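I opened my notebook next to the viewer and looked things up one at a time. Here is what I jotted down, in the order I went.

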Amino acid sequence: MISTTSNKNRIEKLASVAFALFVWQISAMLVGESLLLVTPIAVVKRLFSLFTEADFFTSIGYSFLHIVAGFLSGLVIGSLMAAIAGKFHLAEIMFWPFIATIKSVPVASFIILCLIWLSKGNLSSFISFLMVLPIIYSNILQGIKSTDKKLLEMADVFRVGLLRRIIFIYLPQLKPYLISACSVAMGLAWKSGIAAEVIGITNGSIGEKLYEAKIYYTTADLFAWTLIIVVLSISFEKLFLYIIKKFFARLERL
Amino acid sequence: MSIVISELSKSFGENIVLNKFSANIPENKTTFIMGPSGCGKTTLINILMGLMREDSGAVTGLPTNKSAVFQEDRLCESFNAVSNVRLVCEKKIKDEEIYSHLAEIGLRDDLAKPVIELSGGMRRRVAVVRAILAKSDIIFMDEPFKGLDDNTKEKTMQYVADNTKNKTVIIVTHDIDEAKAIGGEIITMGLRESDRGQ
């Protein structure tokens, strides 16, 4: 029964994608100017020709490593900050102006500031890190605050140590907060990281390719690289969430 | 040395729950705290467990190492029964011993399942085994046999009686038969002033 429903959903999704591609193809044909709107067929052709270019995989590797490094740093540091703020209210108050600033300042302002402060090579990592940090921090802190007080009292009575408290009480309660935060933060890490590469014109990155597409009006390149970014972002999100879910499943079997 | 409770008082706003309550709880024996609903039994046990502070009065002679069956089960829901017990046990207690204790009160099946998937009665028994196997000098039990059918209740009471010999145990209950079955001292708490005559 579940399998039939899942197959039906898949068919429905495929049908909607086919419909969107059809609308895109018709629109491009009606516009009749590939500079303004390129056809999906032309994008696919360009995508295949990109595979054969020498720096295709190095550009992907460069952007992937930098953005993922920024995301992971944001995850680790945001979680640590949330743990400290959850334990010490004073730390939460001290962190507040930094988190509020990062949340409200436009990403473009940060990118330009960072171009002054940092090398271009580290720009996308740092911007991804900055965008991920407040999301992880806020979600994890909320999760820590909503930890079941009665379970913590139980741990106090039985004198349960910190490590066991983390494994048995905090982590299971943080699971939904962590998954939701990672899911939102990953998409944002990719968007902001690529934006930083475009504005900073980082050598050998996907952002540089997008910048070149803008300079030379190669709309097919723009669409092809955008498609690659979307595929990378979704694949990494699915892989990372799979790993997190597996981690929690193993934890619960302890 | 017995536990001495002297003139313990506790209020929540204008609601006086304990009013200068005094009692002596003997060491290495089971003591039942009985009384009608709302007389302050759970508040008293929470103060003794250190989960609540008294407004006035004093408690002396309380051991440091405590163990408890709370009014609610307070189990880690996504973990199985054995993991929940292991959480509070010393490392020297092996899984086989935990399985054997769980089996003693009829918990043999579904032990690999997260406790959230177990019935209320099964979860209650996991909480009882957890309290028994934790290293402690005093065990608090707040209505430990709540929600168990007669047969299981009898088995669980026998298990508690067998495993708490020469230990200081405080059991909160409404049921005099539980006190008779396990045996021990009985302290009866009266109604609060505010509830008298209602």
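Which residues of α1(B) are buried? I listed Lys41(B), Thr43(B), Leu44(B), Ile45(B), Asn46(B), Ile47(B), Leu48(B) and Met49(B). For my own reference, buried means under 20% relative accessible area, exposed means over 50%, and partly exposed lies in between, with a 1.4 Å probe and protein chains only.

**Ground rules**

I noted that this is a predicted model, in which local features need pLDDT of at least 70 and side-chain atom pairs count only at pLDDT 80 or more, while totals for chains, interfaces and linings use all residues. Residues are numbered from 1 along each chain as its sequence is written, chains are lettered from A and ligands numbered from 1 in the order in which they are written, and side-chain values use heavy atoms, with hydrogens and water left out.

**Entry: the helix I started with**

I went back to α1, residues 41-49 of chain B, and found it mostly covered, with 8 of its 9 residues buried. Helices (H or I, at least four residues) and strands (E, at least two) are DSSP runs, numbered from the N terminus.

Glu7(B) is not a glycine, yet its phi is positive, about 45 degrees. I placed Glu7(B) in strand β1, residues 3-12 of chain B, and Glu7(B) is partly exposed at a relative accessible area of 48%.

Arg74(B) also went on my list, with a positive phi near 50 degrees. I found Arg74(B) in the loop between β5 (66-69) and α2 (81-86) of chain B. Is Arg74(B) buried or exposed? Arg74(B) counts as buried, at 10% relative accessibility.

**Entry: the loop between α3 and α4 of chain B**

I picked two residues here. Ile105(B) sits in this loop between α3 and α4, and its relative accessibility is 0%, so Ile105(B) counts as buried. What is Ile105(B) in contact with, leaving aside neighbours within four places in sequence? I wrote down Arg125(B), Val129(B), Lys155(B), Thr156(B) and Tyr159(B); contact means heavy atoms within 4.5 Å. I also checked Pro144(B), 39 residues from Ile105(B) along the chain, and the two C-alpha atoms are separated by 13 Å.

Ser119(B) lies in the loop between α3 (95-104) and α4 as well. Ser119(B) is partly exposed, at 38% relative accessibility. From Ser119(B) to Gly147(B) I read 9.9 Å, C-alpha to C-alpha, for 28 residues of sequence.

**Entry: how confident is chain B?**

The pLDDT is the predictor's confidence in each residue, from 0 to 100. Chain B averages 90, and 96% of the residues score at least 70. Over residues 193-198 of chain B the pLDDT is below 50, and this stretch has 3 contacts in the model beyond near neighbours in sequence.

**Entry: over to chain A**

How many helices and strands does chain A have? I counted 10 helices and 0 strands. Of its 254 residues, 40% count as buried. Among the contacts in chain A with a separation of 6 or more, 72% join residues 24 or more positions apart. I also noted that the C-alpha trace spans about 75 × 60 × 30 Å along its principal axes.

**Entry: Thr219(A)**

I found Thr219(A) in helix α10, residues 219-252 of chain A. Thr219(A) is buried because its relative accessible area is 10%. A polar atom of its side chain lies 2.6 Å from the backbone oxygen of Leu35(A). Beyond four places in sequence, Thr219(A) is in contact with Ser34(A), Leu35(A), Leu36(A) and Val38(A).

**Entry: Phe64(A)**

My last stop was Phe64(A), in helix α3, residues 56-87 of chain A. Phe64(A) counts as partly exposed, at 28% relative accessibility. Which residues does Phe64(A) touch, not counting those up to four places away in sequence? I noted Trp190(A), Leu232(A) and Phe236(A). Val230(A) is 166 residues from Phe64(A) in sequence and 12 Å away in space, C-alpha to C-alpha.

Key: Polar contact = N/O pair within 3.5 Å; in protein donor to acceptor, adjacent residues only side chain to side chain.
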